Amino acid sequence: MQTIGVQFIAKRLQIGDTSLALAIWDPCGQERYRSLVKLYYQGASVALICYDITLADSFEQAQYWVDNINNHNTENCMKYLVGTKLDLVEDGEFERAVPAIRVTKYAEEIGAVAMETSSKTGFNIDELFARLSSDYIESDQIPKARDGSTICLDARDNLDDVKKTRKRCTQCSGRRQPNTTVTQL
């Protein structure tokens with residue numbers, strides 16, 4: 001099933017003593033929406049670039065999106081190349097069209113993490129989000145208050161405004177909740 005337009009998903013994760021609320025934007029990759037898609041990934045902390053491992057041209061399109069993200073984003077955007085539909089190859093329904101070694105080599109060239117997943121079986125989905133969350137926590141990208149604590153944000157807040165004003169979330173009524181943050185993917 002293809003995304004039409006843009007889909008938004010909020011996902012909460014607990015990584016060690018840090019609680020993350022991920023704001024996930026899933027823009028479609030269709031040609032007619034390309035001019036709008038960059039609005040959703042500008043300023044993103046993390047980019048998941050997905051491709052279908054059973055379609056070679058899907059990987060070519062993923063490379064296009066990597067270039068586009070690099071041209072319109074900050075250097076700090078962490079990239080994850082995500083091969084999808086692994087279940088189709090493992091079940092023998094389709095042959096792999098994108099060799100894993102090719103993806104690994106490309107990921108190394110662009111400083112990305114490469115993973116393969118199956119939405120149908122759920123294989124590596126939780127691991128993907130745990131990995132990107134851990135990588136994000138270890139990076140210096142989490143907004144900090146003046147006293148060094150992590151700022152509690154509301155996933156409904158406009159994330160650009162939050163980054164500028166460092167405002168407290170409405171859920172905690174301004175009470176400090178260390179190690180809670182929202183990040184835009």
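I started with the secondary structure and counted six helices and six strands in this chain. I took helices (H or I, at least four residues) and strands (E, at least two) as DSSP runs, numbered from the N terminus. From that end, the elements run β-β-α-β-α-β-α-α-β-α-α-β.

A note on ground rules: this is a predicted model, so I kept local features to pLDDT of at least 70 and side-chain atom pairs to pLDDT 80 or more, while totals for chains, interfaces and linings use all residues. Residues are numbered from 1 along each chain as its sequence is written, and side-chain values use heavy atoms, with hydrogens and water left out.

**Whole chain**

I looked up burial next, with buried meaning under 20% relative accessible area, exposed over 50% and partly exposed in between (1.4 Å probe, protein chains only). Of the 185 residues in the chain, 44% are buried. For contacts I used heavy atoms within 4.5 Å. Among contacts with a separation of 6 or more, 66% are between residues 24 or more positions apart.

**Aromatics**

I found three aromatic pairs. Rings of Phe, Tyr and Trp (its six-membered ring) pair if their centres lie within 6.5 Å; planes under 30 degrees apart are stacked, over 60 edge-to-face, and the rest tilted. One of the pairs is tyrosine 51 with phenylalanine 59, edge-to-face at 5.1 Å centre to centre and 70 degrees between the planes. Tyrosine 51 counts as buried because its relative accessible area is 2%, and phenylalanine 59 because its value is 0%.

Phenylalanine 59 also pairs edge-to-face with tyrosine 106, at 5.8 Å centre to centre and 80 degrees between the planes. That pair links distant parts of the chain: phenylalanine 59 is in helix α2 (residues 56-72) and tyrosine 106 in helix α4 (residues 100-110), 47 residues apart. I noted that Tyr51, Phe59 and Tyr106 form one aromatic cluster.

**Helix α4**

Which residues of α4 are buried? I got Val103, Tyr106 and Ala107. Seen down the axis of α4, they fall within an arc of 105 degrees, so they line one face of the helix; the arc is that of the directions from the helix axis to the C-beta atoms. Their cover includes β3 (46-52), α2, β4 (78-84) and β5 (113-116). On the face turned away from the buried side I found exposed Ile101, Lys105, Glu108 and Glu109.

Threonine 104 also lies in α4, and it counts as partly exposed because its relative accessibility is 35%. Threonine 104 and alanine 114 are 10 residues apart in sequence and 6.2 Å apart in space, C-alpha to C-alpha. After α4 comes glycine 111, with a positive phi near 70 degrees.

**Serine 133**

Is serine 133 buried or exposed? Serine 133 is buried, because its relative accessibility is 0%. I placed serine 133 in helix α5 (residues 125-138). Its side chain reaches the backbone oxygen of phenylalanine 129 at 2.7 Å. Leaving out residues up to four places away in sequence, serine 133 touches Leu13, Ile15, Leu20 and Leu22.

Phenylalanine 129 came up again when I checked charges over rings: lysine 11 lies over its face, at 5.3 Å from the ring centre. My cut-offs there were NZ of Lys or CZ of Arg within 6 Å of the ring centre and within 35 degrees of the ring normal.

Terms used:
A polar contact is a pair of N or O atoms within 3.5 Å; within protein, one must be able to donate a hydrogen and the other to accept it, and residues adjacent in sequence count only if both atoms are side-chain atoms.
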